[in-house]
Amino acid sequence: MSASSSTAPSPAGRIVLAELDEELRSAVAATRERVAALHAELPRWGLVVWTAGNVSERVVVDRGNGPEKTDLFVIKPSGVTYDQLSPETMVVCSLDGTKIDDGTPASLAPSSDTAAHAYVYRHMEHVGGVVHTHSTYATAWAARREPIPCVLTMMADEFGGEIPVGPFALIGDDSIGRGIVETLSGSRSPAVLMANHGPFTIGADGRAAVKAAAMCEEVARTVHIARDGGTPIPIDQAAIDSLNDRYQNVYGQH
């Protein structure tokens, strides 16, 4: 159910958080809490410096018939340091990338990557979380426009093959989002190295996308070190398929 279908927009057509129904407001508040907490994981794992990087998560509401994605998502505000982030500073946007009237100051703008996140949500229905970092080793592969080959069982587990490279695109519109969707459509990888830019990761929710970002940097670093010592040996496709199926469907607690 979309935010717009469950409420009457303001006279100017702008969505006002305070005017949404109670279930949707509660879902937005819970998403803000999660997204704020997930941002703390980026510096914790050494994936960002200063104000770089961002996490977003699509708002999901449960009205008693199971979870339903809405036409809203929560994302980091632009240029704000990680120690200043809180649930109250998380920005709420519609799927066209426009900030709604979410109770934050008008001067608090959403991330410069908001259009890219919004494009992914509009075109990849299964995605509930998007993350962008400039983590050192993954970004080094992006600078070379070189995919990370699947030479580790960890890569087979998480990425189901190589981590691909997406096209070069400028920041500011949905060009990056288009590159992400074009590159990852039909791929098992939840990560793409956008050329000369850095990694973007997707997941069923924000936590899954953050995990993929941490794993992406780990394998980028390990394969880089492996290449310094010689030529890494690719894993056979049949083994990759088997490893990925086990990890995605059997491993862990269910």
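User: In this predicted model, is Gly 186 buried or exposed, and what is its relative accessible area?
Analyst: Gly 186 sits in the loop between α6 and β6. A residue counts as exposed when its relative accessible area is over 50%, and Gly 186 is therefore classed as exposed, with a value of 89%.

User: How far apart in space are Gly 186 and Lys 69, C-alpha to C-alpha?
Analyst: Along the sequence, Gly 186 and Lys 69 are 117 residues apart. In space, the distance between their C-alpha atoms is 22 Å.

User: Which helix does the chain pass through between β5 and β6?
Analyst: Strand β5 (residues 165-166) pairs with β6 in the parallel sense, over two bridges, and in one of the pairings Gly 166 has Met 194 of β6 as its bridge partner. The β-α-β crossover that leads from β5 to β6 is right-handed, and the helix it passes through, residues 175-184, is α6.

User: Which residues of β6 point the other way from Ala 191 and Leu 193?
Analyst: In a regular strand the side chains alternate between the two faces of the sheet. Strand β6 (residues 191-194) has Ala 191 and Leu 193 pointing one way, and although its residues point in two directions, all of them are buried. Those that point the other way are Val 192 and Met 194.

User: Which residue in β7 stands opposite Val 192?
Analyst: Strand β7 (residues 198-203) runs antiparallel to β6 and is joined to it by four bridges. The two strands form a hairpin with three residues between them, and Asn 196 in the turn has a positive phi of about 60°. Across this pairing, the residue of β7 that stands opposite Val 192 is Phe 200.

User: What is the nearest side chain of opposite charge to Lys 76, and how far away is it?
Analyst: Lys 76 is placed in the loop between β2 (67-75) and β3 (91-94), and a polar atom of its side chain lies 3.2 Å from the backbone oxygen of Thr 51. Lys 76 is buried yet has no salt bridge, a contact for which the cut-off is 4 Å. The nearest side chain of opposite charge is Asp 113, at 8.7 Å.

Note on methods. Residues are numbered from 1 along each chain as its sequence is written. This is a predicted model: local features need pLDDT of at least 70, side-chain atom pairs count only at pLDDT 80 or more; totals for chains, interfaces and linings use all residues. Side-chain values use heavy atoms; hydrogens and water are left out. Buried means under 20% relative accessible area, exposed over 50%, partly exposed in between (1.4 Å probe, protein chains only). Two strands pair if DSSP finds at least two bridges between them. A crossover is right-handed if, with the strands pointing away from the viewer, the path from the first strand over the helix to the second runs clockwise. Lys and Arg count as positive and Asp and Glu as negative; His and the chain ends are not counted. A polar contact is a pair of N or O atoms within 3.5 Å; within protein, one must be able to donate a hydrogen and the other to accept it, and residues adjacent in sequence count only if both atoms are side-chain atoms.
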